[in-house]
Amino acid sequence: MLLFFTLGLLIHFVFFASIFDIYFTSPLVHGMTPQFTPLPPPARRLVLFVADGLRADALYELDENGNSRAPFIRNIIMHEGSWGISHTRVPTESRPGHVALIAGFYEDVSAVAKGWKENPVEFDSLFNESKYTWSWGSPDILPMFAKGASGDHVYTYSYDAKREDFGAQDATKLDTWVFDNVKDFFHHARNNQSLFSKINEEKIVFFLHLLGIDTNGHAHRPSSRDYKHNIKKVDDGVKEIVSMFNHFYGNDGKTTFIFTSDHGMTDWGSHGAGHPSETLTPLVTWGAGIKYPQRVSAQQFDDAFLKEWRLENWKRLDVNQADIAPLMTSLIGVPFPLNSVGILPVDYLNNTDLFKAESMFTNAVQILEQFKVKMTQKKEVTLPFLFTPFNLFLIVLVISDIMALHFFFLVKDYGSWLDIGTSISHYVIVMSMTIFLVFLNGLAQLLTTKKLRLCGKPKSHFM
């Protein structure tokens, strides 16, 4: 009886531990080779605005008087850049949202070991791949990207955590602090030769994290005057910062601007789940390498947002949130974040077909590198006879042969000419399909192992 009880307890313990080993193990891998597009990028620098807690409808819709709460951003949509909806994933929280935007992957479930407060496994990001990154905003967000950065090239400027008062009457001061400090930073750079030299380098990023809208949403709800007023304050601040950048760099046309949000918010002021008000966030892009507005007569979407926002004549380009990371890396020419699973949204790019093709190819190889490392790791801990790569072609070929054999025995040499011809034609069709599949497989093997010449350099497929 004691042996039976001990064995049962051990089995239950193994089952309990297996849950964490299967479902709460980090999917992140390390050891991949960095991949970057070998063509000159369109931008020298990128400015990323993240309005924490901003819903897509709150930015795009018009007020009761038919006016936009963000006239500068709306003018960008209509005259300067491209726009759409960024679809986030649960949990719709600030940490996983920013990781998806800047590193290109979604929630790491192993974060449960840290109380969902930080990523326990180091990861690569746009900031780490950049030559320099300067960031301003919340002390809850900025440190996690500086913590895992290699070298000393990610600079953070945060206000005191005590300023994040969710009961405050005016949370716009958090965003005002960011805008004022960015202006002071550039004013100081004019008198600091070392800093001036750094911010005139290429492959640099400026990140402005704006927490006021989220704070006002929690305190007063998104339908409140405070939340909507904060959107107007952010719009004004973005306008000033863009003007300052253009003036500082002499309107050289080498700056790309990205405006988005990490997550939305429910009508009652919460977030974390998967309601559309939480998962639909705005994405507005303009500047170097970005397509100009595209006028269209009709668009195919399953929602009625375009008509509600009166933007049905401006082409809407939706993306998944993790896709923004490869978009930003391709614009400034840095390697794609090693752990990114985002797919480059080429419809946003205003560049040559060659640049788009090279960028898509690099994106695919970067994702493939993760698979190769993961496969190697799995192979090392799996018995050889249990590790057999999946061969889809072989399965399809076997099924095709079985079908051909089946129709072979159904071939008739008696009856009407129609019956005989039909039975023979069925067999010939199936056999032709089998031969065609063999030909396609051989062609695929040839194309995926042959050296290609792109951009004047030989490049091999790794498939």
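## Basis of the description

Residues are numbered from 1 along each chain as its sequence is written, and side-chain values use heavy atoms, with hydrogens and water left out. Because the model is predicted, local features need pLDDT of at least 70 and side-chain atom pairs count only at pLDDT 80 or more, while totals for chains, interfaces and linings use all residues.

## The sheet

The model contains an open sheet of 8 strands in the order β4-β3-β5-β1-β6-β7-β2-β8, with mixed pairing. Its edge strands, β4 (154–158) and β8 (319–320), each pair on one side only. Strands (E, at least two residues) and helices (H or I, at least four residues) are DSSP runs, numbered from the N terminus. Two strands pair if DSSP finds at least two bridges between them.

Helix α10 (residues 225–248) packs on this sheet and touches β1 (45–51), β5 (204–210), β6 (255–260) and β7; contact means heavy atoms within 4.5 Å. The direction of α10 makes about 170° with that of β6. Axes are lines fitted to C-alpha atoms, for helices over the stretch in contact, and angles run from 0 to 180 degrees between N-to-C directions.

In β6, 6 of the 6 residues are buried, so the strand is largely enclosed by the rest of the structure. Buried means under 20% relative accessible area, exposed over 50%, and partly exposed in between (1.4 Å probe, protein chains only). Thr255, Phe257 and Phe259 point one way from β6, and Thr256, Ile258 and Thr260 point the other way.

β1 runs parallel to β6, with 6 bridges joining them; Phe49 stands opposite Phe259. The pairing of β6 with β7 is antiparallel, over 5 bridges, and here Ile258 faces Thr285. β7 (residues 280–287) is also joined by 6 bridges to β2 (residues 82–87), again in antiparallel fashion. His87 stands opposite Leu280 in β7.

## Helix α9

Helix α9 (residues 212–220) has Gly212, Ile213, Asp214, Thr215, Asn216 and Gly217 as its buried residues. They pack against β1, α7 (172–189), β5 and α10. After α9 comes Arg221, with a positive phi near 80°.

## Two buried loop residues

Arg316 lies in the loop between α12 (305–309) and β8 and is buried, with a relative accessible area of 4%. Its side chain makes a polar contact with the side chain of Asp318 (2.9 Å). A polar contact is a pair of N or O atoms within 3.5 Å; within protein, one must be able to donate a hydrogen and the other to accept it, and residues adjacent in sequence count only if both atoms are side-chain atoms. Beyond four places in sequence, the contacts of Arg316 include Trp83, Gly84 and Ile85.

Asp124 is in the loop between α4 (94–103) and α5 (126–129), and is buried at 5% relative accessible area. The side chain of Asp124 reaches the backbone nitrogen of Leu338 at 3.0 Å. Asp124 and Ser340 are 216 residues apart in sequence and 8.2 Å apart in space, C-alpha to C-alpha.

## The second largest pocket

The lining of the second largest pocket has 20 residues, of which Asn246, Gly253, Thr255, Gly287 and Ala288 lie nearest its centre. A pocket, on a 1 Å grid over the protein atoms alone, is an open set of points where a 1.4 Å probe fits, with protein on both sides within 12 Å along at least five of seven lines; lining residues have an atom within 4 Å of a point. α10 supplies the largest share of the lining, 3 residues.
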